[in-house]
Amino acid sequence: MQTQVRGVILLTGVMAAGKSTVAQRLAERLPMSVHLRGDVFRRMIVNGRAEMERGFSERAFEQLRLRYHLAVVASELYCAAGFTVVYQDIILGPVLSEVVEEFQRQSAGQPLHVVVLCPAPGVIAAREEARAKKGYTTWSPNDLDHELRSNTPHLGLWLDTSALSVEETVETILARLDEATIRA
């Protein structure tokens, strides 16, 4: 069954929190939807890409901000064409407020819903171990969990998905979407 939602659902969390899988299933539940993967903008850089590794450079942070800006612009264009956007990316720390503010400046009245997936670090470690793609090379699940819980502003709906299936997570997000809505 498809559900009607307007605007952008920004889905964030640490690596291996389930963002990609949940975002895809969530987008599949919406009648006109886009699953916007923020990492695609990073991967488009062929030469000169600065990686977000421990002790990252100012250039890496500038590229990260560019990635977020491109996602905001793409989201707004899709919304203007009548699509609901499920935008998933790793947006941690104070920069989450910056991204939300940019959405609000660019939105043309489109609703913004922020959902933070925050399963326990042990669950993240187990998920990372089970998947083929390895994200934790210079950071540990505990490092990013600390950044998420200690330095990220508490905006929108924070959802501990440690004991939830993908379907239960999607159902919970849809049922509690009003809690995720960011009001200007």
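This is a predicted model: local features need pLDDT of at least 70, side-chain atom pairs count only at pLDDT 80 or more; totals for chains, interfaces and linings use all residues.
Before I turn to the strands, a word on pairing: two strands are said to pair if DSSP finds at least two bridges between them. Helices (H or I, at least four residues) and strands (E, at least two) are themselves DSSP runs, numbered from the N terminus. Residues are numbered from 1 along each chain as its sequence is written, and side-chain values use heavy atoms, with hydrogens and water left out.

Let me start with strand E1. E1 and E4 pair in the parallel sense over six bridges, and within that pairing leucine 11 stands opposite valine 115 of E4. Strand E1, which covers residues 8-13, is also joined to E3 by four bridges, and these two strands again run parallel. On that side, valine 8 has valine 85 of E3 as its bridge partner, and isoleucine 9 has valine 86 of E3.

How many of the residues of E1 are buried? Taking buried as under 20% relative accessible area, exposed as over 50% and partly exposed as in between, with a 1.4 Å probe and protein chains only, six of the six residues of E1 are buried, so the strand is largely enclosed by the rest of the structure. In a regular strand the side chains alternate between the two faces of the sheet. In E1, Val8, Leu10 and Thr12 lie on one side and Ile9, Leu11 and Gly13 on the other, and both faces are covered.

Moving along from E1, we reach alanine 16, whose place is in the loop between E1 and H1. Alanine 16 has a positive phi of about 70 degrees although it is not a glycine, and the residue is buried, with a relative accessible area of 8%. For a contrast, consider alanine 163, in the loop between E5 and H7, which at 72% relative accessibility counts as exposed.

Now to the helices. In helix H7, residues 166-175, the buried residues are Thr169, Val170, Thr172, Ile173 and Leu174, and these pack against E1, helix H1 (19-28), strand E4 (112-117), strand E5 (157-159) and helix H8 (177-180), where contact means heavy atoms within 4.5 Å.

How do H1 and H7 pack, and at what angle? Axes here are lines fitted to C-alpha atoms, for helices over the stretch in contact, and angles run from 0 to 180 degrees between N-to-C directions. On that basis H1 and H7 pack at about 60 degrees, with their axes 9 Å apart. That makes H1 oblique to H7, given that angles under 35 degrees count as roughly parallel, over 145 as roughly antiparallel, 65 to 115 as roughly perpendicular and the rest as oblique. The contact is made by Thr21, Val22, Arg25 and Leu26 of H1 and by Val166, Glu167, Thr169, Val170, Ile173 and Leu174 of H7. By class there are six nonpolar, two polar and two charged residues in that contact, where Ala, Val, Leu, Ile, Met, Phe, Trp, Tyr, Cys and Pro count as nonpolar, Asp, Glu, Lys and Arg as charged, and the others, Gly among them, as polar.

I will close with one further pair. Helix H5, residues 121-130, and helix H6, residues 141-151, pack at an angle of about 135 degrees with their axes 9 Å apart, and they are therefore oblique to each other. Pro121, Ile124 and Ala125 of H5 meet Pro141, Asn142 and Asp145 of H6 in this contact, and these residues divide into four nonpolar, one polar and one charged.
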